[in-house]
Amino acid sequence: MKLRRRHFLIGGTAVVGAGVFSVWWGDHAALQRAKAMTGGPGQAAFGGWMTIANDDTVTVYSPHIDFGQGSHTALAQMLADELDADWAHVRVEQAPADYAFGNTALAKLFVPGMAGMPALAHLPDAVFSLIARNAPLQVTGGSSAIRATGQFSMRVVGAAARQALVDEAAARLNVPAGELTTAKGRVTHAKSGRSLRYGELAEAAAQRSLPDDPPLKTRDRFTLIGKPIDRLDIPAKVNGSATYGIDFALPQMRVATVIAAPVRGGKLQSVDHAPAMAVHGVERVIALDSAVVVVANGYWPALKGARALTPKFSDGGHGGLTSAGIFAAQAALIDAGKPDHHYGSGDVGAALAAPGARTHHAEYRVPFLHQAAMEPFAMTGHHHDGRLDVWGATQDPIQTRNLLAQFSGLPVDRVTFHPMIMGGGFGRRFPPYTQIIEQIARVAMAVDYPVKLIWSREEDVKQGAYRPQSMGRLQGALGHDGRISGWQSDYAQLADAESETVFPYVVPATARRHYKYISNQVDAFWRSVNSTQHGFYNESFIDELAHLAGADPYQFRRAHLPAGGRHLAVLDAVAQRSGWGSALPAGSGRGIALVESFGTICAHVIEAGVDPDGTVRLHKVWAVVDCGLTVNPRNAAAQVQGAVLMGLSTALGEAITLTGGAVDQSSFPDYPVIKLAEAPAIDVHFIESGAAIGGIGEPGLPPAAPALANALFAATGKRIRTLPIGRTLV
Amino acid sequence: MAVEAQVNGKPVTFQGDDDTPLLWALREQLGLTGTKFGCGIAACGACSVHIDGEVARSCSVPIGTVAGKAITTIEALGTPTAPHPLQVAWIAHQVPQCGYCQSGQLMAAAALLAHNPHPSDADIDAAMTNICRCATYLRIREAIHAAAGGAAEVAA
């Protein structure tokens, strides 16, 4: 089953809308296996997601990787709140990469959308468990940890376990369960003044069958959810002790690095091993299908050896591809007017052709973008005794394990993947295009010692899985009343973005038409995925229409949003907080943008300007976010700040370009990531609307680029339709 | 070749060719993996250490140049019982996200404070050129001000 992330939103909407909560322990085989893997003497396992030890320690097993989103802590908060645990005794472990820990909640979020059948949400939970085990689903992505796993699993597990603990205490104290209360890891019988620790109840309580659908707390009863609790992983990240995938080591381990075909789709044709073997410390050169690997007694000799090689690669027929050529081909597709997908309502053609209508059109272009996680790919493999062990970090451990089995030729039960801390992901580490999984499997099987494969930064940049290069042509019409009467978006890229692109404005006639353009590059899940480019197209174009209408861009958006809705509340709040409309110095301007993605509504106002010499200056950002409920407000604010800055970084200077089918950029000097000196102050405000919980890792990003472009238009009169803007504007 | 130096107060002997970057000698020979590999060309700062008290990007420092020098890595910036004030501030301000660059950020910030105990925002801008893809920059700034003992200046 191929997981397409653009389906996530439909799935999320369908499931949340149906109000389905987890009864995920319906799959007894998986449950028993998970309990066996987490429980043990003195460790009582509740479902597969949590244990309570005799000493009261509560261990939460997260099926999500925490690469800085803070989801481990937030998921534990959600479980511990329902459990009424003592937070001082709560810790989090990464769930093993085993089918028993397939994320049933994710299946519930995604599968209905994948199949396009919301009715699937009503299937028995055992079915979702089966899907999660086999899909496989241990994904970290889609801003899904809190809104899916937290809501559908963690809270339910906590509440069910709490009930079992209460029932066990009632039996022991011989009192009605209704007379018992729970708090801080104890069950208390106030009448008799007796109380029992969870640790002394756990073993027996875990033998009880857990309720399928325990009542969950109402928001007014939360004790941990909504609190700015310190993240559990941070202390190890300030003293060098946190061990990332790249840090893992075994005795006798060698270190390898790789050079893959510069043109994606190319194959290795020939390579003379001798120049690498002549490098002191190099032990092996291993030719793979489309790459060459050098194994040495350390990274430095491996790198020197790799650089000494002059491998010949084919170009897979893509040797003529350039970025300009891609835009030309995309324009030709749109010109031909035969969309692969067509959505919308009303008669846009009539609106655009209506007598007296004021029409406008604009073409926007965005480049390939690289995730540029700080930790380059690194995995350690050890083939021994007919087994393969691999240590590393990806955004889906179960799928990683399955791919390792596929590439090594070993049965899955002889392959163990050990998920480790990851130095950033941003969508780069989804297994299907995490090439190092295949590389480490093949290299480990070819040698009889442990080997750690590390990608150079140059390899990381050149062999990326990018946000697609894309073109959008927008057309709009204003009616006599100055309101938008028609809106058409024609866009060319690989993926149909319909399910991810929320158009919040009330317009009588809309059309969204996708033209499928296939390059030689992977269509990857870059942070916030298709919402980046479509946020830029839509929020730039509505700004253009506002100016055409002679209206204030904030008021113009306002006039097209449903009264009393969440979008309007977010927009009003960001305008109010930013002092929208107040005077600014010459050369400065404000821009506003509003984008909904992953179930969260986010608006930014950016104040920016241009120095007399053309230097672009970011002055301040205001962000207002409605994700329904913030589980950990401080962490959520950090996510929004980081997303804003990543969005601004891409808008200012990031682009992957192709020449001769190969990537032109190679490292940070030519793929510039924003630094501290450029980072403006960011005011983040959350609206706790009480709506269904939305994602928080990604939604802060899409409004950043259009808000900046709109601000620079306000400051200079120059409309930006091509990203990146550059750090100087002439 | 063997190069004798001091790392975190202890004498060490690095093996390997003279051009071996200090980063890899620290990580692979001494197991000091708190110092991270980010780019290998001194562009990102993830590998920052102190050499004789000055911040240096160890991916681009050949071991042939560190004979007799005193090197400090993140592992010795503080101790569990006596953390560096920046480490305390980093936790209080919940600075890290993925955390991968933070060893380098802390070493760069520690060198800054050693030379300039009360840096201005402009001083921080100039000194803190390490890349953080999670973009924890605003909290890095706050935490440096906090560790310097003053209230954070309002960023421009």
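A: Let me begin with a term: domain bounds come from an automatic or database domain assignment. For chain A, that assignment gives domain 1 (5-230), domain 2 (245-315 + 377-454) and domain 3 (324-368 + 466-716). This is a predicted model, in which local features need pLDDT of at least 70 and side-chain atom pairs count only at pLDDT 80 or more, while totals for chains, interfaces and linings use all residues. Residues are numbered from 1 along each chain as its sequence is written, and chains are lettered from A and ligands numbered from 1 in the order in which they are written.

Q: How far apart are the C-alpha centres of domain 2 and domain 3 of chain A?
A: Those two centres lie 38 Å apart. The contact takes 10 residues from domain 2 of chain A and 9 residues from domain 3 of chain A, where two residues are in contact if their C-beta atoms, placed from the backbone, lie within 7 Å.

Q: What about chain A overall, what is its radius of gyration?
A: The radius of gyration, taken over C-alpha atoms, is 27 Å for chain A, which agrees with the value near 27 Å that a compact globule of 730 residues would have; the globule rule is 2.2 Å times the number of residues to the power 0.38. Buried residues make up 60% of chain A, a residue being buried if 20 or more other C-beta atoms lie within 10 Å of its own, exposed if 12 or fewer, and partly exposed in between, with C-beta atoms placed from the backbone.

Q: And how many helices and strands are there in chain A?
A: Chain A has 19 helices and 27 strands; helices (H or I, at least four residues) and strands (E, at least two) are DSSP runs, numbered from the N terminus.

Q: Which way does strand 16 of chain A run beside strand 17?
A: Strand 16 (residues 387-392) and strand 17 of chain A run parallel, joined by 5 bridges, and two strands pair if DSSP finds at least two bridges between them. Trp391(A) has His418(A) as its bridge partner in strand 17 of chain A.

Q: Switching topic, how many residues of chain B are in contact with chain A?
A: On the chain B side there are 46 residues, in contact with 47 residues of chain A. Helix 5 of chain B gives the most to that side, with 4 residues.
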